[in-house]
Amino acid sequence: MPIRETFWNIPHWAEITQYVLALLTAIVFLYGILRHVLRWRKGKPEKRFDRLGGRLWSFIVQVFGQRRTLDEAYPGIMHFTIFWGMLVLAIGTALATVDWDVTHLFFGFQFLTGWVYIIFELTLDILGLLVIVGLGMAIYRRYASRPARLQNFPAKALARDDAYVLIMLTLITISGYLTEGLRLAVTQPEWAVWSPIGNVIAAAFLSIGDPTNQALHLVIWAFHILTAFGVLAFLPFTKLFHIFSVPLNIFFRSMKPAGALPAANMEGGMGVKEWKQFTWKQLLDFDSCTRCGRCQDVCPAYASAQILSPRNMMIKLDAHLWDKNGHSLHGEVIAADELWACTTCRACVQVCPAFIDHISTFVDMRRHLVDQGRMDKMLQDALANVGRYGNSFGQSDRMRAKWTQGIQPPVPDARREPVEYLWFVGDYASYNATLTEITRMTAAVFQKAGLNFGILYDGERNSGNDVRRVGEEGLFEMLAEKNSQVLSKVQFQTIVTTDPHTYNTLKNEYKWDGNRPNILHYAELLDQLICAGRLKFSKKLGYKVTYHDPCYLGRYNDVYDAPRRVIEATGCQVIEMPRCRERAFCCGAGGGRIWMEEKDIKERPSESRIREAVNLEGVNTFVVACPKDATMYRDAVKTTGNESRLAVKDLIELVHAAL
Amino acid sequence: MKIAVPVKFVPDLVEELTIDPSGAALDTSWLRLIINEFDDHAVEQAILLKERGGGQVTVMMTESDGADDFLFTAAAKGADQLVKLTGDFSSINNHALAHVYADLLKELQPDLVLTGVQAHNDIDGAVGPLLAELLGLPYVGYVAGLTVQGDKAVVRKEYSGGLVAEIEVKLPAVLGIQAAEQPPRYVAYSKIRQVMGTAKIEERPVAGLDLSGGTAVSRLFQPEAAERATMLEGGADEVADRLVAIFKEIGTL
């Protein structure tokens with residue numbers, strides 16, 4: 001009957017030594033794990049035990065299914081093979097241990113016999129090969145193709161860790177195969193064909209013959225055991241610790257809407273001044289970074305000036321947790337310029353295979369800077385203006401609805417009469433002189449659709465979405481309170497806004513006393529009106545257009561299809577840019593960036609985006625669905641000299657033209 | 001060291017200014033008030049001095065919409081004492097304001113009085129020199145930074161053409177601040193809210209105003225378009241010839 005003699009060719013002393021080593025390994029391993037756990041526990045409390053079912057499901061899909069890791073083919077397959085190969089080999093080893101040290105030792109039977117043993121051997125043999133393939137891909141990638149995002153910056157010492165992991169895993173796998181091959185070469189069991197790779201190796205050793213093969217077997221077995229125990233024992237001290245931290249981080253990821261930023265820490269001043277003011281989950285984030293650099297590849301701040309790399313931020317923050325030299329978090333570890341460079345576009349969070357939430361960390365640190373009054377003059381003025389006049393333009397709040405002048409019939413004041421749709425206009429659409437034409441066109445379309453709508457006139461204030469992301473939590477609260485107060489006195493059914501930023505905070509962050517109204521982006525409303533036949537087009541425009549997904553509409557709120565349907569309804573054809581939908585590239589204005597000074601920009605994100613669109617065959621129109629996008633891209637078309645090739649149009653301009 | 005900072009609100013130019021029916025004053029119904037920018041710098045300079053060498057900062061102003069918010073903001077920056085003068089200030093001018101502040105300052109006995117060097121509504125002169133006269137103290141205006149050494153201050157005064165003078169002043173003194181050594185700092189709203197719970201605003205009633213010495217406005221009006229300018233075009237010689245002809249025509253040559 002097929003069976004493997006456990007500890008074949010292993011002297012009794014070696015067997016005993018192995019168990020002693022196993023015990024030592026367990027002690028070092030557990031100490032290492034405990035060290036991390038105790039470090040996380042130094043963070044502030046945060047509740048992450050809600051929606052356990054959803055957590056478990058995402059754990060299965062993302063850990064065992066490697067769903068997000070597989071978003072990129074080469075590194076995805078590379079990691080998938082190593083992960084599953086190593087996992088099965090580890091389970092196999094565990095089964096063999098149970099077989100020998102539990103069932104055999106205590107109950108006098110073994111289950112790894114007969115056909116079960118054959119399947120066991122075949123599976124392990126093939127999955128070992130998978131690991132070798134994965135490791136080969138990894139070694140080639142790191143040392144031959146060398147993608148920029150795997151550079152050693154900011155800490156050169158990390159290169160040792162990278163090399164160590166690849167070398168050790170390779171050694172363990174190869175020595176495992178050699179041990180098996182030598183055993184098969186000596187014992188030559190009739191079921192050796194079920195270990196195809198081991199059998200090939202055995203054939204190569206046959207000519208050497210015993211007792212050399214037996215001696216070699218013992219030496220290589222010892223080497224295999226030592227490397228395996230070594231890697232295990234020191235796993236918590238190397239980047240392999242991600243095997244432990246990343247699944248935890250996935251399990252404990254936020255299950256709240258992406259657009260709801262956690263509230264600010266107010267103990268000892270607003271925000272995070274030193275690392276112990278981060279929550280335990282944020283500390284787990286830092287500890288989970290595997291330095292894969294996917295975040296860096298999609299970061300607009302990195303692409304435009306290399307001031308900020310989300311990857312490097314995580315590496316520096318993690319190192320800081322263990323730093324004994326007492327460097328200060330602000331200034332010495334993380335520079336203010338890095339923090340201010342973030343547009344909060346969420347591209348990094350969306351691609352991170354470890355489900356790290358970079359943005360909550362950046363905003364928490366910005367909150368401290370705001371608390372200290374440390375910000376550039378432009379931003380300071382913008383915040384002061386928002387506080388005083390309710391808009392960042394520093395114009396009188398009484399002028400908020402000036403754009404409505406001359407519109408007939410006049411736009412109703414929702415504070416005076418009940419309306420079905422309350423249009424929350426937002427700062428840019430109200431005050432920016434170059435955008436009011438679009439705003440008036442929106443009103444015209446609403447009127448043509450026979451919409452019963454009104455606005456708040458000077459009762460409206462900046463919604464606070466970007467104020468909050470700048471880190472000015474107190475001002476955000478004040479704005480939210482004042483807007484909520486006005487809204488509580490207005491009779492309406494649905495809020496509609498053209499601004500994705502406003503849309504996000506109204507939908508995900510305003511409290512509404514548990515009674516949130518229906519909130520729509522105008523793309524969604526137009527889509528509904530078209531579907532219901534309330535908005536009918538008389539023309540087919542026939543343009544070839546591309547559509548830019550606003551961060552706060554797409555990535556933050558998953559609205560991707562409504563605007564595309566509206567564009568198609570106007571008779572236009574949407575040609576997608578390479579970076580579209582979840583991967584859409586930020587215009588660079590979000591997170592308060594539009595209020596800050598630009599520093600050492602190589603290529604503005606908006607310019608990169610326009611160049612991307614210009615490369616599309618036959619596309620002459622760039623459609624936006626966000627007032628800030630309209631200003632950003634109109635500028636970028638000019639600065640890149642593409643005015644004659646590409647027209648930037650708001651979604652409403654297409655709708656209006658097709659009516 | 002005791003530092004007193006008397007400040008005032010001025011009309012916010014973000015709002016359109018309208019003249020009231022009398023034709024000699026602003027229409028106050030649409031008026032919104034904002035801190036005089038130079039006074040804001042005076043507060044910042046006082047806080048900087050306190051942070052550098054210790055001391056007690058008192059900020060004082062007359063009551064109006066937004067006065068409490070401004071005083072609490074000053075407290076959040078680091079001011080120790082907040083004084084709000086109450087009464088009817090609708091007819092006030094800078095002479096009267098100086099009297100009101102002088103009464104308070106005589107009682108307070110500060111080592112240093114910092115106030116904005118000017119305001120855009122200073123019709124009857126700036127507050128600083130008036131105050132210095134009433135208190136019998138030395139005054140230096142257009143100050144952009146100072147250091148205090150014992151019972152004297154070395155102040156930096158800016159002149160046009162980029163000249164800077166360092167002037168030694170014996171304390172106590174009144175200084176008209178042109179600019180603080182750094183722009184007025186931003187105070188997070190959470191800090192202001194916190195201060196609102198702890199800081200106290202002292203209210204000081206003012207019985208009457210002494211308007212003497214002030215000016216009487218006979219007419220207030222928007223800038224009126226003057227006669228249109230004529231643009232001379234063409235080459236240099238041609239333009240020069242035209243100029244000479246014009247000068248002769250109007251009799252200046």
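This is a predicted model: local features need pLDDT of at least 70, side-chain atom pairs count only at pLDDT 80 or more; totals for chains, interfaces and linings use all residues.
A residue is called exposed when its relative accessible area is over 50%, buried when that area is under 20%, and partly exposed in between.

Taken along the principal axes, the C-alpha atoms of chain A fill a box of roughly 100 × 55 × 50 Å. Of its 659 residues, 57% count as buried. Among the contacts in chain A with a separation of 6 or more, 80% are between residues 24 or more positions apart. The accessible surface of chain A amounts to about 28,200 Å², and carbon and sulfur atoms hold 59% of that surface.

Chain B can be described in the same terms. It has six helices and eleven strands, and its C-alpha trace spans about 70 × 45 × 40 Å along its principal axes. The chain contains 253 residues, of which 42% are buried. For contacts in chain B between residues at least 6 apart in sequence, 71% join residues at least 24 apart. Its accessible surface is about 13,500 Å², with 52% belonging to carbon and sulfur atoms.

Helix α9, residues 280-288 of chain A, is mostly covered, with nine of its nine residues buried. Among these buried residues are A:Trp280, A:Leu283, A:Leu284 and A:Phe286, together with the charged residues A:Lys281, A:Asp285 and A:Asp287. The cover over the buried residues of α9(A) includes α1 (12-40), α8 (242-251), α12 (310-322) and α15 of chain A.

On the surface, by contrast, A:Val98, A:Val102, A:Leu105, A:Phe106, A:Phe107 and A:Phe109 form a nonpolar patch, and together they have about 620 Å² of accessible area. A:Phe106 counts as exposed because its relative accessibility is 61%.

The next topic is charged pairs. Side chains of opposite charge can pair when their charged atoms come close. Over all chains, the structure holds 54 salt bridges. In chain A, A:Arg416 forms a salt bridge with A:Asp413, and the closest N and O atoms are 3.2 Å apart. A:Arg416 is exposed, with a relative accessible area of 70%, whereas A:Asp413 counts as buried at 9% relative accessibility. Elsewhere in chain A, salt bridges link A:Asp364, A:Arg367, A:Arg468, A:Arg469, A:Glu473 and A:Glu509 in a network.

In one, the side chains of B:Lys84 and B:Asp68 meet in a salt bridge at 2.9 Å, N to O. This pair links distant parts of the chain, with B:Lys84 in strand β5 (residues 81-86) and B:Asp68 in helix α2 (residues 67-77) of chain B, 16 residues apart. B:Lys84 is buried, with a relative accessible area of 9%, while B:Asp68 counts as partly exposed at 32% relative accessibility. In the other, the side chains of B:Glu107 and B:Arg204 form a salt bridge at 2.7 Å, N to O. B:Glu107 lies in helix α3 (residues 94-108) of chain B and B:Arg204 in strand β11 (residues 201-205) of chain B, so their pairing ties together parts that are 97 residues apart in sequence. B:Arg204 counts as partly exposed, at 25% relative accessibility.

It remains to consider how the two chains meet. Chain A and chain B bury about 1,700 Å² between them, and 48% of this area is on carbon and sulfur atoms. The contact takes 24 residues from chain A and 16 residues from chain B. Five salt bridges are counted between chain A and chain B, and the side chains of B:Arg193 and A:Glu481 meet in a salt bridge at 3.6 Å, N to O. Across the interface there are also ten residue pairs in polar contact, both residues being at pLDDT 80 or more. On the side of chain A that touches chain B, the elements giving two or more residues are α15 (358-371), α16 (377-389) and α20 (473-488) of chain A. Of the elements on that side, α16(A) gives the most, with six residues.

Terms used. Residues are numbered from 1 along each chain as its sequence is written. Chains are lettered from A and ligands numbered from 1 in the order in which they are written. Side-chain values use heavy atoms; hydrogens and water are left out. Patches are made of residues with over 30% relative accessible area and no salt bridge: like charges are joined within 9 Å, nonpolar side chains (Val, Leu, Ile, Met, Phe, Trp, Tyr) within 5 Å. Accessible areas come from the Shrake-Rupley method with a 1.4 Å probe; for residues, only the protein chains shown count as cover. A salt bridge is a side-chain nitrogen of Lys or Arg within 4 Å of a carboxyl oxygen of Asp or Glu. Buried means under 20% relative accessible area, exposed over 50%, partly exposed in between (1.4 Å probe, protein chains only). Contact means heavy atoms within 4.5 Å. Buried area is the accessible area (1.4 Å probe) that two parts lose on being put together, summed over both. A polar contact is a pair of N or O atoms within 3.5 Å; within protein, one must be able to donate a hydrogen and the other to accept it, and residues adjacent in sequence count only if both atoms are side-chain atoms. Helices (H or I, at least four residues) and strands (E, at least two) are DSSP runs, numbered from the N terminus.
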